[in-house]
Amino acid sequence: MRELYTHAITKLYDGATGGGGGGGGTLSLMSSVDTSIEVDSCDSDDSTSLGTLEFDLLYERATSSLHCTVIKAKGLKPMDFNGLADPYVKLHLLPGACKANKLKTKIVRNTLNPVWNETLTYYGITEEDMYRKTLRVSVCDEDKLTHNEFIGESRVALRRVKPDQTKHYNICLEHPPPLPSPSAMSAALRGISCYLKEWESEQQRSLEERGRLLLSLQVLSASSEGDDEGQPTEGKRSGLCVGVRRCAHLAAMDVNGFSDPYVKTYLKPDLHKKSKHKTAVIKKTLNPEFNEEFFYEISFSELSSKTLEVTVWDYDLGKSNDFIGGVSLGCHSQGDALRHWVDCLKNKGKKVERWHTLTNELPGSIYHD
């Protein structure tokens, strides 16, 4: 709620002061190989004193992944007594929980001109995310004795990044955008109050997003299974192979700002309670990678009437585990879950992989472990 409020205030402040989302000092060029370059002209002495940062952005539509290659920085502001700094770069997706989507480069010691050449990747990024989210790129100085210090930042509207095309940035670092004064915004506050109330009531009605889950489904039968050359093999079981690949941007359930996630799968109805499978626990992360597969031996005719229930949990030693989120796939599902299930049934023998949004409610779930 605080993020939305600040975002709304910032937008209105930009409108009141004549600022725009793209900024007046930005030049966009498109090369013949579909590589876009943005260069900040750095007219302000204040922004120039913070330094410049060079990085690339690439959104891969096929894998729903956003790659940020942090190349180098130049002329950073000195932060230490020796006139140097120990810089690193942090990425955040806005709006969103900071811990869940924070990525960080390595630290380069004692320099104002660090070179990273390091690629940081967000997984489970949909085209809707690319349209509505902003990437905050911050440069900070590590200080072992006190808190790490902020040097400067830049914010990129991801809707500017075209799918499957690398976009190059060479920008001047800036201070965080200031909040507008109360006197300038008193009338504007009244104007957005109705919007905020409507948004809050809509949030209460809708499901809370708890992260993303990448699932692979494959229907196997004696006729659809094959060897490495794709030829049918004999003596194999028929059924459903469920691949739990990874999660992204999970909700933090522990006081340290992380979770200890694992995944459970059920094929329901499950009268004999034998369909439960469970992955290993991955400690202290909001972006776990599992790469585990589970097999359900079942005929194709029976499978069409089943529902696959997948839940993500936070492991807690000595007390009940916390439910993070879940998704159900079957003929009675909706949206991406239904499309994934139907594609799986239509394409026997083929692995069908898709990202799913985890919600805090799942019909038929048992919220204990």
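**Salt bridges and a core**

Tutor: The side chains of Glu-289 and Arg-246 meet in a salt bridge, 3.6 Å from N to O (a side-chain nitrogen of Lys or Arg within 4 Å of a carboxyl oxygen of Asp or Glu). This is a predicted model, where local features need pLDDT of at least 70, side-chain atom pairs count only at pLDDT 80 or more, and totals for chains, interfaces and linings use all residues. Residues are numbered from 1 along each chain as its sequence is written, and side-chain values use heavy atoms, with hydrogens and water left out.

Student: Which strands do Glu-289 and Arg-246 lie in?

Tutor: Glu-289 lies in strand S15 and Arg-246 in strand S12, so the pair ties together parts 43 residues apart in sequence. Strands are DSSP runs of E, at least two residues, numbered from the N terminus.

Student: Is Arg-246 buried or exposed?

Tutor: Buried, as the relative accessible area of Arg-246 is 14%; Glu-289 is partly exposed at 45%. Buried means under 20% relative accessible area, exposed over 50%, and partly exposed in between, with a 1.4 Å probe and protein chains only.

Student: OK, how many salt bridges in the whole structure?

Tutor: A search finds 15. One of them joins Glu-153 to Arg-136, with the closest N and O atoms 2.5 Å apart.

Student: New topic: which residues have the most contacts inside the largest nonpolar core?

Tutor: Leu-53, Phe-55, Leu-57 and Leu-91, in a core of 33 residues. Such a core is a set of buried Ala, Val, Leu, Ile, Met, Phe, Trp, Tyr and Cys residues joined through side-chain atoms within 4.5 Å.

Terms used. Helix = DSSP H or I, 4+ residues; strand = E, 2+ residues; numbered from the N terminus.
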